[in-house]
Amino acid sequence: MYKIFLLLLFPMLMSAQTQIIKGSVEDTENGKVPSADIDVYNLKNELIKTAKTDRDGHFTVEGIVADSVKITVKKTDYAPFEKRMNVNKESALLKIILKKNTQEIEAVVMTQQKPLVTRKVDRLEFNVENSNISSLNAWEIVKKTPGVTINNEVIAIKGGTGILVTINDKKVMLTGDELKNFLENTEGGEIKSVEVITNPPAKYEASGSAVLNIVMKKNKIEGYRGIISSKYVQTQYAKGVAGISQYYKKDKLSLMGSYYRGFGTYYREGTDYVNYQESQTRWVSTMNRKDKNKAQNTINFNAEYEIDSLTNLSLNYSGYFSPKSFGTYVVPTLIYNSQDIAESNYTTINDHQSGTINNSLSFQLDRKLNKKSSLSWISYFTGNNGDKYQNVLTHLNFAGESPRDDNFSTQNTTDVKLYSTQADYQWKNKNLELESGVKYSFVETMSRLDFSDNENGNLQLRPEKSSLFDYKEHNLGLYSSLAYHLGKWNFKGGLRAEMTDLEGVVSEPYEQNKNKYWNLFPTFYAQYSTENKHEFGFSYGKRISRPSYSWLNPAKSYYNLFSYYQGDPKLKATIIHNLNFTYSWKGWNLDLYYRKEIYPSMEISFQEPSTHNLIYYFTNIEKGQAFGASLYKNFQIKPWWTVILSENLEHNENYFKGMDGLLYENKVWNWVSTISTGITLNKTNDWKMEIGHKYYSPGIQGAFRISGAWSAYFVMNRKFFNKKLEASVICNDIFRSMGQKVSTKYANQDNYFLDYGDTQGFTLSLKFNFGNQSVKNAKTIKKTEEADRL
């Protein structure tokens, strides 16, 4: 009975001993400061209570047991406030005055002062926000990012392909032309920066030779605002994009939604040349591809809610819908004999259409456990559906044979579903930072190819040429990393372990491929800064580049009667070792690097003399390695005039087995040079112009040798009506000099194609800002840390 009485009395005793702190928070102009964070610590510096100021700047903290405490007040755009107090003696209302943090205001408003390129211990940050190129789309901005090259629509970082492209550290499940179209419909004005991560830390999934992360802007402005934008693009044919972005932020809630619709006609010129030594013939095909797309819909929605001062909740949805892209290719082919006389010919008419639907939904919870540690959990689901249909009619007129027609059709559908969940723990103090986490992901892809050809004037399904490919993959990752700051030194090291369990089943001919393996991926970084701000860095990282799911599909995807593409379900994952030495000083950035690739996977081509087929397929070559130097500098000639220099010189080697079984070497010195100049044309800093030039020397990819190319561009951007209206004019590939020759020549392989991607053209864009555009009560929203593989 005595114990029960004490138990009932205990809460009353505790209540009698607790204290209350009340007060108000104002700025230096006697303005109320709402939503300020109030944290109360005991003498052991342990967080014991939290609160927020209300709309009038008042706050109340109840249930304080300790007599002496430390109280801190934090608010974005204000200098932090800290006070030690005796709760019993200071019973009156606290009046706290916060001072404006002028440095933070300058960082937000005067973004032109921010370095265009920032070297961090584990990445290079290219700051796009408020630069001249922010009026470009995401695809064009990626092209102009230091260390990044795009050749034949393949993204490479310092010559290395198999790049993991992410947006806010999450990859959109699109590849090839679909990824290009998505980025072309992503407004550059929504991009904050592009991060080039040559050796991604252990926190990132180990897939991809490097990571290219596009960081989108976050809503920092209280109230409601919006952006309406439109863009007209004229190349060979016209294209356009129009859309709206809307933002709302009030107290604990932040919302963002955007919708952009793109449409237009896409064009590409190409000519294929195939020389057959055995028959002494030369096949020349001219293919000018024209496709129309009336609806490319890009949707984004993000909601963030601050449950309390320690807990944030966010929900994100992104979608890309391209229901119908269609076109008809008319491809004439001439066949020349040994006397260079066109003795045979055939014409292919390819009538086709395709559609893509991509949905991605993510949920994230962030929790501060105490002043030093935090926990985050994110789960997301992504689905990608594709549908491609083609009807191919061929008129054949071969010497010595009667003219005839051939007809076939293919229907290819793909369904990719990915689920992933990840938990991360972070602990840090002044000099030490620890990160650990676990991630599980599961992907399932189903690809179906139905092949039909002509029989008695009707198309009949051919099961022996059709195929069903079912692929499942489980991935489990565990990681831990430790960063340490010691005076002028910064160290960071980590280890990631990943288990992959995969199974692929092909229906025709039946084949089952199973594999299960563990891999360890170490990373290490060291950076030293001198008193004169010279920075020296070293990093090493081991990566894995797993084949894209479409590369594993062995079904033959025919371009015409004599050419098709084929994947390989037995493709090996590529192991990559990256080694980097960096030096930075006064805007100079130098990177010396070495890259070794074991069993790189890539697309190559070979010609089959007996059937006169030209076959494109994904395969593993024996090995690849490269070493080189990358240099970047932003020269501030005058306050209104800058010159940017970006150079990359690399020696690249690829070793591959030919169709004759012999080992061949393909190597080249490759130089990529970018020089541009930017000029501010008025004192209010709202009228800018940029002229640039990019040069690519010849390069290689497996058995391919790729010719050099160069391109010049011009950008002018002007803001009107107190910067609410923005207009831009952009001219790309001014001299139409981006055509390239891609050739294969060894043993009996002798073919090449000339390619021009319709890059010459100009763009006119308008953007109107409405609602609240002033930087007030800004708060930075924590970005998601996530990467996944397609």
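**View 1. Domain 1 and domain 2 in the predicted model, with centres 52 Å apart.** The separation is taken over C-alpha atoms. The domain assignment of the protein chain gives domain 1 as residues 19-98. Domain 2 comes in two segments, 253-606 and 734-771. The two domains do touch: seven residues of domain 1 are in contact with four residues of domain 2.

**View 2. The area buried between domain 1 and domain 2.** About 490 Å² is buried between these two domains. Carbon and sulfur atoms give 56% of that area. On the domain 1 side, Leu47, Thr50 and Lys52 stand out. Together they supply 56% of the area that domain 1 buries against domain 2, more than any other three residues.

**View 3. Polar and charged pairs across the interface.** Two residue pairs are in polar contact between domain 1 and domain 2, both at pLDDT 80 or more. The rule finds one salt bridge across this interface. The side chains of Lys52 and Glu306 meet in a salt bridge, at 3.0 Å from N to O. Side chains of opposite charge can pair when their charged atoms come close.

**View 4. The face of domain 1 that touches domain 2.** Two elements give two or more residues to this side: strand E2 (37-41) and strand E3 (47-52). E3 gives the most, with three residues. By residue class, this side of domain 1 divides into two nonpolar, two polar and three charged residues.

**View 5. Lys52 and its partner Asp37.** Lys52 also forms a salt bridge with Asp37. Their closest N and O atoms are 2.5 Å apart. Lys52 lies in strand E3 and Asp37 in strand E2, so the pair ties together parts that are 15 residues apart in sequence. The structure as a whole holds 28 salt bridges.

**View 6. The region annotated as a beta-barrel domain, residues 370-767.** The feature name comes from UniProt, in an unreviewed entry: "domain: Outer membrane protein beta-barrel". In the predicted model, the chain over residues 370-767 is 76% strand and 0% helix. The end C-alpha atoms of this stretch are 43 Å apart.

Definitions and conventions
Residues are numbered from 1 along each chain as its sequence is written. This is a predicted model: local features need pLDDT of at least 70, side-chain atom pairs count only at pLDDT 80 or more; totals for chains, interfaces and linings use all residues. Side-chain values use heavy atoms; hydrogens and water are left out. Domain bounds come from an automatic or database domain assignment. Contact means heavy atoms within 4.5 Å. Buried area is the accessible area (1.4 Å probe) that two parts lose on being put together, summed over both. A salt bridge is a side-chain nitrogen of Lys or Arg within 4 Å of a carboxyl oxygen of Asp or Glu. A polar contact is a pair of N or O atoms within 3.5 Å; within protein, one must be able to donate a hydrogen and the other to accept it, and residues adjacent in sequence count only if both atoms are side-chain atoms. Helices (H or I, at least four residues) and strands (E, at least two) are DSSP runs, numbered from the N terminus. Ala, Val, Leu, Ile, Met, Phe, Trp, Tyr, Cys and Pro count as nonpolar, Asp, Glu, Lys and Arg as charged, and the others, Gly among them, as polar. UniProt positions are given in the numbering used here, feature names are shortened, and annotations may be inferred rather than shown by experiment.
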